[in-house]
Amino acid sequence: MPRLVENPLLTHSTADVTTITRSATARVLLTAFTTLLVFHLTISPPSKSTCHSLFLSFSNNATAARHLLALTHRPHVAGTAANADTAAYVLAVLSSSSLPAYSVSYDVFLNYPIRRSLILSPFPPPSPGPILAFDLVQEIYPGDPYADVAAEVLPTFHAYASSGAAAGPAAYANYGRLEDFACLRAAGVNVTGAVVLARYGKIFRGDILKNAKDAGAAAAVVFTDAKDYGGGGRGRFPEGPGMPASGVQVGTTYRGLGDPTTPGWASTSGCERWSAAEVAASGLGPGIPSLPVSARDGEAILRTIGGQVAADDWQGGEGAPLYRLGPGPGFLNLTYIGNETLATIQNVFAVIEGEEEPDRYVLLGNHRDAWTFGAVDPSSGTAALLEVAQRFGKLQKRGWRPRRTIILCNWDAEEYGLIGSTEWVEENREMLASRAVAYLNVDCAVSGPGFHASATPQLDELLKQASKKVQDPDNSSQTLYESWIASNYSSLLGRLGGRGSDFAAFLQHVGVPSLDMMFGGGYPVYHSMYDDFVWMEKFGDPMFHRHVAVASFWGLVALRLADEEFLPFNYISYALELQRSTKIVEDDASGMPVTFAPLYKSIEELKKAATKIDNQRKALERNFLSLNWRKDPLKVRELNDRLMMAERAFTDRDGLFGREWYKHLIYGPSMHDGYGSKSYPGIDDAIEKAKSSNTSESWSFVQHEVWRAARAVTQAALVLNGKFT
């Protein structure tokens, strides 16, 4: 065979070949490393803190304005086709933000007006005199862009008012509170068989009607007094923010929560239901016919009422007639007929699944249904919710995934009695009890300047920290926190005892830490047909910067709760708040045979447990920073579970006495004002009854309620400690 001749150009020593091989290998490894580094930098998600800053940078007031305009182009009462259209809009926006979205329907007991009339005679029949039949119509204002759909606004009515007719002399009862009817009795004014005229402004309208019925009234008329809703000297809408003379505040009168035919359980398909007669027998409806009327109609009635002159603080504003107590001689004949029916409502949801703890839920909620156009209530909140959703969608495109699952909730039929949220909470009670981290609610997001928040106390510090990151929409030179402090922060941070919005089922029925927030507060055109986009654009938020600020604060609090390794809860704040609240109820029972020592003792136990778990969290954080310490996710999970579940311990399975649906013993609504917030509602109810009866048995019951609250606080301390006794 031929001999192979080596090519000198291809001939190398062994050492040369080894060197070349190593160099090539090094180049390959360097190239691979560089490629992997570039790839990592390209796909690696930004840090959580960077994501939170990005979230704030995504704000867009034009987007919020577009959402509000779309949501308010027609009236959309629960159970109507128009409200189904708004559900479809919300679902489409959530889906377009690349968020998995769906809806859940319930068939619930609603009612709508069929026939109404209110006739005023200056003297009781058969005395002669001119008769005034009120038209009960809210007038279209000049240049109203919604004039073509104004006919779709429901006739003014009180939801769940009793159908029927009643006639009697008119009697004036101020704001319709218990103390107002007590003043009437003290003045010798008997309203039995009368048609009571009361004004909105201090308590829930359903409680006005209950108080009137309990006083013996045959019916009730509730008017919007210009003194309270006239705009404070700034004029009536559309020139000013005040309620027009024909404006009427409508709303529910049901004093329970959820579907009246399924009290305590969800209105699922084929479920057990109460009959309409059983609903009426529950005592949670008003029990008498009623109608809401305008300031103009209310003043017309007042001009026919004689008798004693009402006290100064019962009088109207400038230009109002002299208010007298009656009864009579003015005589009212009232008729209201309603249609009670099962109607379909839709809750809409979007879910962002957590990456590390998908079975822990941070929920953000707002309702969608409105009595009319609902620019403030609730569509400003819905627009903010959609703004938050779109920002979350943008974060996901940057690679962000929350540690815990975030659920965006858009409720239906809130206006009838928090029905959509309550039915869903009742259906998912056990899941929420074991897995919900917090519920963050926004109802009327914007009605004017001034930030307000109410929360369970373990969230206080988190709210302060978040407000330091959000710009004040009315002063770009300072943060929300700075303006909050300047406005007396301590008084603006309220508690969630009332049942005025969708946080109620989460907190007061299940015991989920909760938050509610808004810009503004009460506003003149509340629940009237003048709560429209024009009012918002002129008076509520002309540049929509407040909408952006609500979305920023809301979303940032949610991100902190969803992303932080350790839940940002501070139960030391809770213990301090309970001490202050205990002193208030103790003072209310001063001089009576009741001791609050058990409650103070349990609060001290809670304070020690809160300090201990706070120190444990800090120790774990220090250990995790050590290079020699191996992070234990189970320890993190166990500590977080204690923080999450402590709020549940404040609930009692038996609930409040006589109001068993409300399980929370620390925060609940006032017995005589559903909007009013009470600390230790069971103790407060018992003290009120004991003061009235002043028996040894009644004061023993107060002591029992003190012990119940003390046991609940002790249970919360045990949960925080995480150890059996």
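The largest cavity comes out at about 50 Å³, where a cavity is a set of points on a 1 Å grid over the protein atoms alone at which a 1.4 Å probe fits but cannot get out. Its volume is the space filled by probe spheres set on the points, with grid points joined across faces, edges and corners. Keep in mind that this is a predicted model, where local features need pLDDT of at least 70, side-chain atom pairs count only at pLDDT 80 or more, and totals for chains, interfaces and linings use all residues. Residues are numbered from 1 along each chain as its sequence is written, and side-chain values use heavy atoms, with hydrogens and water left out.

**Cavities**
- Searching the whole structure turns up five cavities of 30 Å³ or more.
- Around the largest cavity sit Phe-569, Asn-570, Tyr-571, Ala-610, Ile-613, Asp-614, Arg-617 and Leu-643; lining residues have an atom within 4 Å of a point.
- Helix α20 (residues 597-625) supplies the largest share of that lining, four residues; helices here are DSSP runs (H or I, at least four residues), strands are runs of E (at least two), and both are numbered from the N terminus.
- By class, the lining of the largest cavity has five nonpolar, one polar and two charged residues. Nonpolar covers Ala, Val, Leu, Ile, Met, Phe, Trp, Tyr, Cys and Pro, charged covers Asp, Glu, Lys and Arg, and the others, Gly among them, are polar.

**Second largest pocket**
- The second largest pocket has a volume of about 600 Å³; a pocket is an open set with protein on both sides within 12 Å along at least five of seven lines.
- It is lined by 27 residues, with Leu-284, Gly-658, Arg-659, Trp-661 and Tyr-662 nearest its centre.
- Elements giving two or more residues to this lining are α6 (205-214), β16 (667-670) and β17 (673-679).
- Its lining splits into ten nonpolar, eight polar and nine charged residues.

**Arg-368**
- You'll find Arg-368 in the loop between β10 (357-367) and α10 (375-397).
- Leaving aside neighbours within four places in sequence, its contacts (heavy atoms within 4.5 Å) include His-76, Asn-83, Gln-346, Trp-411 and Asp-412.

**Strand β12**
- In β12 (residues 436-446), eleven of eleven residues are buried.
- β12 runs parallel to β10, joined by five bridges, and Val-362 has Ala-438 as its bridge partner.
- β12 also pairs in the parallel sense with β15 (residues 514-519) over five bridges; pairing takes at least two DSSP bridges.
- There, Asn-441 is partnered by Asp-516.

How values were computed:
Buried means under 20% relative accessible area, exposed over 50%, partly exposed in between (1.4 Å probe, protein chains only).
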